Amino acid sequence: MNAPHRSAGVHDLIGIGLGPFNLGLAALADPIDELDCLFLEGRDQFDWHPGMMLDEATLQVPFLADLVTMADPTSRFSFLNFLKQTGRIYPFYIRENFLPHRREYNQYCQWVASQLGSVRFGQHVTSVEHDGETYVVTTASGQGNRTQTHRTRRLVLGTGTTPRVPDCAAEAVAAEGPALHSSEYLARKDELVSRRSITVVGSGQSAAEVYLDLLTAQPDHDYQLVWLTRSPRFFSMEYTKLTLELTSPEYSAYFQSLPTEKRDQLLKSQQSLYKGISGDTIDAIHEALYTRSVTEAAETTLLTNTEVRGVTRTEDGYHLALHHVEQEEDYAMSTEALVLATGYRAGIPDFLEPVRDRIRLDEQGRYAASPTFSVDTADREIWVQNGEEHTHGFVAPDLGMGAYRSSVILAAILGREPYPVEKRVAFQEFGVPDRFKLQPGVSTSSTTVERENR
């Protein structure tokens, strides 16, 4: 692909949405003089999951998984440079912990965004159209919703994911009352702790963090606390080194080569790799429960194998229709407040409807992303960030692979690699190695296998 050429008033690239992934792309594109980029974000500033910005919460990946380092360790936008410029590099070094606090990571991202001239906040994208040559992106901004149009040859969609609420609880969450998704937790914590009972639903890190925070606050407010999970146990995140090799370019390529049905099955079986709980958080919960038990019994219940099948509003709160998965038994409980830490889902924004015919979708209406993360029918105009889990595997939302994906996207746009793109990083093989594949007509007898392994 030839490098971009300039046209008056037409950008080479517009990024829509500014989470960590498009912010990382903006930072990596900044030194490339031949690229004219613009990144649009509806919020007034960068703010990453503010509803879960708990004081003690850390990332689940090391600081090297910042916006740029895995692509360019010399970048001025690295996390280490942020620490140096803000006078915190020695305290971080002395701390001897590779996992930054979530608040600290948010501050780092805000620091990066403040230095990028290509970033525009307060720009709500309302539509994307194609005029035959370029994409026309319309935004609304300010109290009067002042409209503005921007033209570009290419788009990178970084609109992220939206809170996932089970259908059986959607009506309760939409109505007034303390039933909410965990993304709103901190904003509504005071409302929750004023109730006599709180139930947390979920099996991942967010559920564990909310439960631990409420468990810590419980003695000051005197409520009953319940944690329900559909999983057969409270899974810890798997962090063994050979397992971490699944967050590699070659495993992602292997995953892409599988049929859609097989990929979907794999994702369900790999949940402990990306939807589990950090071992430190699990240990902290157990220690808090044990410490409480020395002097008194904690007013709390932890239930596994429990599926929520119905949520009904009552005069005092909510009636939960539950089902025990292993015992195959229905049961019920009541709670005054409900927190659903039930994750997030990717979707296609409504503003893309005018160009939907230019976007490649699978049979389930999801982005059909190519190996270079493009999703347009021409395979050279629209790319997606963190909307390709079903095609590229569970690494899609992994912060550690963000810089790699940005490097691939930039290489696809420029026709060269401004940042080297790793092709192989794992020691293990995925799939059948070429040297062991059988030729047509060759049997799989022990003699043949023995000969192939000499």
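Start with helix α1, whose buried residues are Pro 20, Phe 21, Asn 22, Leu 23, Gly 24, Leu 25, Ala 26, Ala 27, Leu 28 and Ala 29. Buried means under 20% relative accessible area, exposed means over 50%, and partly exposed lies in between, with a 1.4 Å probe and protein chains only. Helices (H or I, at least four residues) and strands (E, at least two) are DSSP runs, numbered from the N terminus. Ten of the ten residues of α1 are buried, so the helix is largely enclosed by the rest of the structure.

This is a predicted model: local features need pLDDT of at least 70, side-chain atom pairs count only at pLDDT 80 or more, and totals for chains, interfaces and linings use all residues. Residues are numbered from 1 along each chain as its sequence is written, and side-chain values use heavy atoms, with hydrogens and water left out.

What do the buried residues of α1 pack against? Their partners are β2 (13-16), β3, α4, β8 (155-157) and α14. Contact here means heavy atoms within 4.5 Å.

Take α14 next. The axes of α1 (residues 20-29) and α14 (residues 402-414) come within 9 Å and cross at roughly 55 degrees. Axes are lines fitted to C-alpha atoms, for helices over the stretch in contact, and angles run from 0 to 180 degrees between N-to-C directions. α1 and α14 are therefore oblique to each other. Angles under 35 degrees count as roughly parallel, over 145 as roughly antiparallel, 65 to 115 as roughly perpendicular and the rest as oblique. The crossing of α1 past α14 is right-handed. A crossing is left-handed if the near helix is turned anticlockwise from the far one by less than a right angle, and right-handed if clockwise. On the α1 side the contact uses Phe 21, Gly 24, Leu 25, Leu 28 and Ala 29. They meet Gly 402, Ala 403, Arg 405, Ser 406 and Leu 410 in α14.

Now turn to α4. Its axis and that of α1 come within 10 Å and cross at roughly 40 degrees. That makes α1 oblique to α4. Here α1 passes in a left-handed crossing. Pro 20, Leu 23 and Ala 27 of α1 make the contact with Tyr 105, Cys 109, Val 112 and Ala 113 of α4.

Tyr 105 leads on to the aromatic rings. The structure holds 18 aromatic pairs. Rings of Phe, Tyr and Trp (its six-membered ring) pair if their centres lie within 6.5 Å; planes under 30 degrees apart count as stacked, over 60 as edge-to-face and the rest as tilted. The rings of Trp 48 and Tyr 105 have centres 5.1 Å apart and planes at 65 degrees, so this pair is edge-to-face. Trp 48 lies in the loop between β3 (37-40) and α2 (79-85), and Tyr 105 in α4 (residues 102-114), so the pair ties together parts 57 residues apart in sequence. Trp 48 is buried, with a relative accessible area of 15%. Tyr 105 is buried too, at 2%.

Phe 82 and Tyr 108 have ring centres 5.7 Å apart and planes at 55 degrees, so that pair is tilted. Phe 82 is in α2 and Tyr 108 in α4, so the pair ties together parts 26 residues apart in sequence. Both Phe 82 and Tyr 108 are buried.

Elsewhere, charges sit over rings. The criterion is NZ of Lys or CZ of Arg within 6 Å of the ring centre and within 35 degrees of the ring normal. Arg 313 lies over the face of Tyr 318, at 4.8 Å from the ring centre. Arg 435 lies over the face of Phe 436, at 4.7 Å.

Finish with the backbone. Most residues other than glycine have a negative phi. Asp 379 has a positive phi of about 65 degrees although it is not a glycine. Asp 379 lies in the loop between β18 (344-346) and β19 (382-384). Is Asp 379 buried or partly exposed? Asp 379 is partly exposed, with a relative accessible area of 36%. Asn 386 also has a positive phi, near 60 degrees. Asn 386 sits in the loop between β19 and α13 (389-392), and is buried at 16% relative accessible area.
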